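This report goes through selected features of one protein model. The sequence and the structure come first, and the text follows.

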Amino acid sequence: MYLSDYFFAQVALDESISSSYRKLLNVLESCIELHGRILVAAKRYYFGVGGGTTSFIDFIEKAKSPFICKTIVSITDGESNI
């Protein structure tokens, strides 16, 4: 049994974006249903290791992925990490 044997209507990711965007995108594309939804909770930028939601969205758009990216909430309270 492999992950590729299953398709999911919804996938949730938390703090899981690093600089290996291609690998993450491949996994998501292989396991999400046609009209599925992927929810990501992460920082816009990770200091030191790089990556984050901003550059991940740029990567998805440049990769001509079938996914549509939309920011639902962005916390800019001056106290939280970005």
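In which segment is Lys64 found? Lys64 is found in the segment after α2. The model is a predicted one. Lys64 is not a glycine, yet its phi is positive, at about 55°. Most residues other than glycine have a negative phi. With a relative accessibility of 73%, Lys64 counts as exposed, because the cut-off for exposed is over 50%.

The segment after α2 also holds Ile72. Its relative accessibility is 68%, so Ile72 counts as exposed. Together with Val73 and Ile75, Ile72 forms a nonpolar patch on the surface. The accessible area of Ile72, Val73 and Ile75 together is about 350 Å².

**The nonpolar core**

The largest nonpolar core has 11 residues in all. They are Val11, Leu13, Ile17, Tyr21, Leu24, Leu25, Leu28, Cys31, Ile32, Phe56 and Ile60. Two or more residues of this core come from each of β1 (8-14), α1 (21-31) and α2 (53-62). Helix α1 gives the largest share, five residues.

Neighbours within four places in sequence are left aside here. Val11 is in contact with Leu28, Cys31, Ile32, Arg37, Ile38 and Leu39. Leu13, which lies in strand β1, touches Leu24, Leu28, Ile38, Leu39, Val40 and Ala41 when residues up to four places away in sequence are not counted. How far apart in space are Leu13 and Ile38, C-alpha to C-alpha? The distance is 7.6 Å, while in sequence Leu13 and Ile38 are 25 residues apart.

**The aromatic cluster**

The structure holds two aromatic pairs. A pair of aromatic rings is described by the distance of the centres and the angle of the planes. The values for the pairs are as follows.

| Pair | Centre distance | Plane angle | Class |
|---|---|---|---|
| Tyr21 and Phe56 | 5.2 Å | 45° | tilted |
| Tyr21 and Phe59 | 5.7 Å | 40° | tilted |

Tyr21 lies in helix α1 and Phe56 in helix α2, so this pair ties together parts that are 35 residues apart in sequence. Phe59 also lies in helix α2, so its pair with Tyr21 ties together parts that are 38 residues apart in sequence. Through these ring pairs, Tyr21, Phe56 and Phe59 are linked into a cluster.

Which of these ring residues are buried, and which are partly exposed? Tyr21 is buried, with a relative accessible area of 10%. Phe56 is buried as well, with a relative accessible area of 6%. Phe59 has a relative accessibility of 25% and counts as partly exposed.

**Thr53 in helix α2**

Thr53 lies in helix α2. Is Thr53 buried or exposed? Thr53 is buried, with a relative accessible area of 18%. Leaving aside neighbours within four places in sequence, Thr53 is in contact with Ile17, Val40, Ala42, Lys43 and Arg44.

Terms used
Residues numbered from 1 in each chain as written. Predicted model: local features only at pLDDT ≥ 70, side-chain atom pairs only at ≥ 80, totals over all residues. Heavy atoms only, no water. Core = buried A, V, L, I, M, F, W, Y, C linked by side-chain atoms within 4.5 Å. Buried < 20%, exposed > 50% of the residue type's maximum accessible area, 1.4 Å probe, protein only. Helix = DSSP H or I, 4+ residues; strand = E, 2+ residues; numbered from the N terminus. Contact = heavy atoms within 4.5 Å. Phe/Tyr/Trp six-rings, centres within 6.5 Å; stacked < 30°, edge-to-face > 60°. Patch = residues over 30% accessible without salt bridge, like charges linked within 9 Å, V, L, I, M, F, W, Y side chains within 5 Å. Areas by Shrake-Rupley, 256 points an atom, 1.4 Å probe, with all protein chains shown as cover. Salt bridge = Lys/Arg side-chain N within 4 Å of Asp/Glu carboxyl O.
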